[in-house]
Amino acid sequence: MENAMQFGIAGIGGYLPLLRLDRGPAAKELAWSGLGLARSGYRTVADWDEDPLTMALEASRSLAGDPPQALRFVSTSAYFTDRAQSATLLEALALPPMVRSADHANSRRAGTTALLDALLAGSTEVIAAAEKRETQVGSAAHFAYGDGAAALRTGPDAAARLVGHACLTSDFIDRYTSREHPSPYPYEERFVRDTAVQQLLIPAIRAACAAAGIEPAAIAHAACAEPVGNSWKAAARALKCAAPNHCELLADAAGDLGAAHPLFGFGLALAAAQPGDRVLLLGFGSGCDALIFEVSRAVPGAAEMATLLGQGETIRQFTRFLSLTGAIGLDWGMRAEFEQKAQASVLARTGRDMIGFIGGRDSTGNVQFPKSAIPVNPVLDGPEVLEDVRLADKEATIVSITADRLNFSPDPPFDFGLVQFDNGARVLMEMVNRPAGGFKVGDRLRMRLRIKSSNARLGFRTYFWKAAPLLRPRLGEE
Amino acid sequence: MASGIKDKVAIIGMGCTRFGERWDVGADGLMVEAFAEALADAGIERASIEAAWVGNALDDINVGNSALPAAHALRLQQVPVTRVENMCATGTEALRGAAYAVASGAVDFALAIGVEKLKDTGYGGLPLRTKGVQNDLWMPYGSAPGTFAQLAGAYAARHGIAAADLKRAMAHVSWKSHQNGAHSPKAHLRSAVDMDKILAAPMIADPLGIFDCCGVSDGAACAILTTPEIARSMGRANPVTIKAVQLSASNGWEMQFGEWDGASVPNTRAAAARAYAEAGIRDPRAEIDMTEVHDCFSITELVIMEDLGLSDEGRAPADILDGRYDKDGAIPCQLDGGLKCFGHPVGASGLRMAYEVYNQLQDRAGERQRGKVDLGLTHNLGGSPFNSVAAVAILGRLD
């Protein structure tokens, strides 16, 4: 514990997709069914080309400038089951291969567990949790869940220190998913709330507070992932704790983010906390982890996470939401008969440059992507070895652009064009997060990791970078 | 210094099928149809063909790869047949190969034939499965209109032209080709379309509406080449000859190096400059009587007019709207309807262009005949504006 006390949260980051479902109008679309669906707030909706890996990258990219000792990828909805996403994430972040890595899965609590392990080990780590979970249309989860990611960096000289913790492990099943039931199966709500609050939340929080030497009433802010709504209110009433639960605010504004939910809520709690405040982080799933932190100053990245909630674009068509969440499958016709097969040997040879978006600088200083034996620069006429230059974190400008409505895209139109980086690199790129008026020549762009190709028949994805506008619209004003 | 190909090769026979949705015939039948017309035109026997170049761009989804589909279809008896592919510039590439064979003295009679049978495949200008396993990892595969649409925004940005003004000039390009196509018996689309309909058409790739785009077709076209001396010995006193055939391919500069502004096609300029030099043309605006250019999209033809030096920089929209390239304009373009209306069986298009010029040079174009034509230019463009193969050929009479 002594070692962990010297460690804490060095930084935090989050990512939410641009698109939002306004639950109220959406519920009206299903009112005929009589199903009791949430009507307030928004849920985030991932683009067709976003998945837990791409969102984990976005959440963690600001935390991985200096290589950590370990990189951990956390998700209950990871695409691959025998291909470590932490390894792909490591290459996407252009981290050295000697950085340890691991995937954590099978519980919404996996993120807080990984964080606690890092803190107890005194290990400087980046822990990135992300979810894009399959849900059945008509289920409460279809409206309640959201897509998104959160990441933390542990390290010395922390802005928020761990001062106490407690873990309870229990095979308590509030809901589950399985290979044969990939969408969540929830059990009766009152049973879950009563049991979870009395047998898991309250004992774990009391124990964590005892370890920290404080009463629960001393908790100023909470990030408590709830198994069902109002769990925190019930626990807090019993604990005489008046702290707001930022996970509840997050669930209303963006949806339940699964394994990323307590970590994203923690970012919101840290953004609201004042120096000296105690903050509770509670991860729930097959038991719970309760962690008490003491905040000494603003945690880097927390304020930015709070701003993410108010940025986005509302989906106007309910069927688009259904399509993006896989609830309906449109027949896109012959245009969609487009299948690519990625080759492992090519990925082994060039994959790091691709997913890391690493170009090469020639002997004149010009940068190009991809690299080539003979540089593209016309003043050079022979082979040379190019120096690595990462383009993922550079801004760029549109040279030419179109909104292609003939080409197949699962969420048309297909925006693509030539993109010019300030360092000389020019790349033909796909665009994402189309602004209301479309893209225009001269627009400035930032880079986002996305799925490049998806081969459903072979169950494989490749990833590459796409270009997005620098800024997002404010939600409701888009 | 190379002396070039000017007047070293004569065209003594050409054939071209009706383009369109040829549900009635396969690729082999299309080749036979074009070849039979060319043989009759040339007045030679099939056995005289000593070498052949067959152009087919999308071999894996229609005709099939290698020399064999053409050798089988035409029953060429143990003749060296070479299959060539250079995207939409494939037809001119076949012509170039056959012309070089004759010019070198390797053979007396060579055949260039282009064919595409796309309507059986559902192909509509969309990207194919792969552009190589390495490119697949990063390159976005937009549709053909998607790549060429980008010329419009870049052109407007370079010249400060309003989008609506550019769109109107683009619409005139298509309007003119529909007017001309209506008089081409072998054209795929043979109806005139008014400007309002063109301007109001559904968007395919901003700012290209459906009438700004050519479709794809089934079809074949071919040419039989020999030397001018042999042509004369066969009774052609003043045969059609190749004045120039040039090709330029991107090396990645447009796509990867930060100099090009996307508002022109540098390979067209390079191929045209070399072709003019090869043909001895100093003032193309005064010397070229007609053009058949690669109007895959209206904006492409507009930009080509500047790339070929026929319009001043930034003046193509005004020249187009002034009727400079209409059938009765100073330098008519697409007298046969072009890709837009005659059709675009990809591998055949370059030879279809040559077919129209060949007929115009010999006063054989019927109601489309543009009076006396001494020099005609074909321009055939493969790929995209940022990664292209451009071919320019100039045809005339020997004397």
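To begin with a cysteine: is B:Cys333 buried or exposed? Please then describe how chain A and chain B meet.

A: The model is predicted. In it, B:Cys333 counts as buried, because its relative accessibility is 0%. The sulfur of B:Cys333 lies 12 Å from the closest cysteine sulfur, that of B:Cys296, and is therefore too far away for a bond. B:Cys341 likewise counts as buried, at 0% relative accessibility. For B:Cys341 the closest cysteine sulfur belongs to B:Cys214, at 9.6 Å, which is too far for a bond. Over all chains, a search of the whole structure finds 0 disulfides.

Turning to the interface, 47 residues of chain A are in contact with 41 residues of chain B. About 3500 Å² is buried between chain A and chain B, and carbon and sulfur atoms give 62% of this area. Between the two chains, 16 residue pairs are in polar contact, with both residues at pLDDT 80 or more. The rule finds 1 salt bridge across the interface: A:Arg405 pairs with B:Asp206, and their closest N and O atoms are 3.1 Å apart.

On the side of chain A that touches chain B, the elements giving two or more residues are helix H13 (344-355) and the strands E18 (396-404), E19 (414-421), E20 (426-430) and E22 (460-469) of chain A. E18(A) gives the most to this side, with 6 residues. By residue class, the side of chain A that touches chain B divides into 24 nonpolar, 13 polar and 10 charged residues.

Key: Residues numbered from 1 in each chain as written. Chains lettered and ligands numbered in written order. Predicted model: local features only at pLDDT ≥ 70, side-chain atom pairs only at ≥ 80, totals over all residues. Heavy atoms only, no water. Contact = heavy atoms within 4.5 Å. Buried area = accessible area lost by both parts, 1.4 Å probe. Salt bridge = Lys/Arg side-chain N within 4 Å of Asp/Glu carboxyl O. Polar contact = N/O pair within 3.5 Å; in protein donor to acceptor, adjacent residues only side chain to side chain. Helix = DSSP H or I, 4+ residues; strand = E, 2+ residues; numbered from the N terminus. Nonpolar A, V, L, I, M, F, W, Y, C, P; charged D, E, K, R; others polar. Disulfide = S-S within 2.5 Å. Buried < 20%, exposed > 50% of the residue type's maximum accessible area, 1.4 Å probe, protein only.
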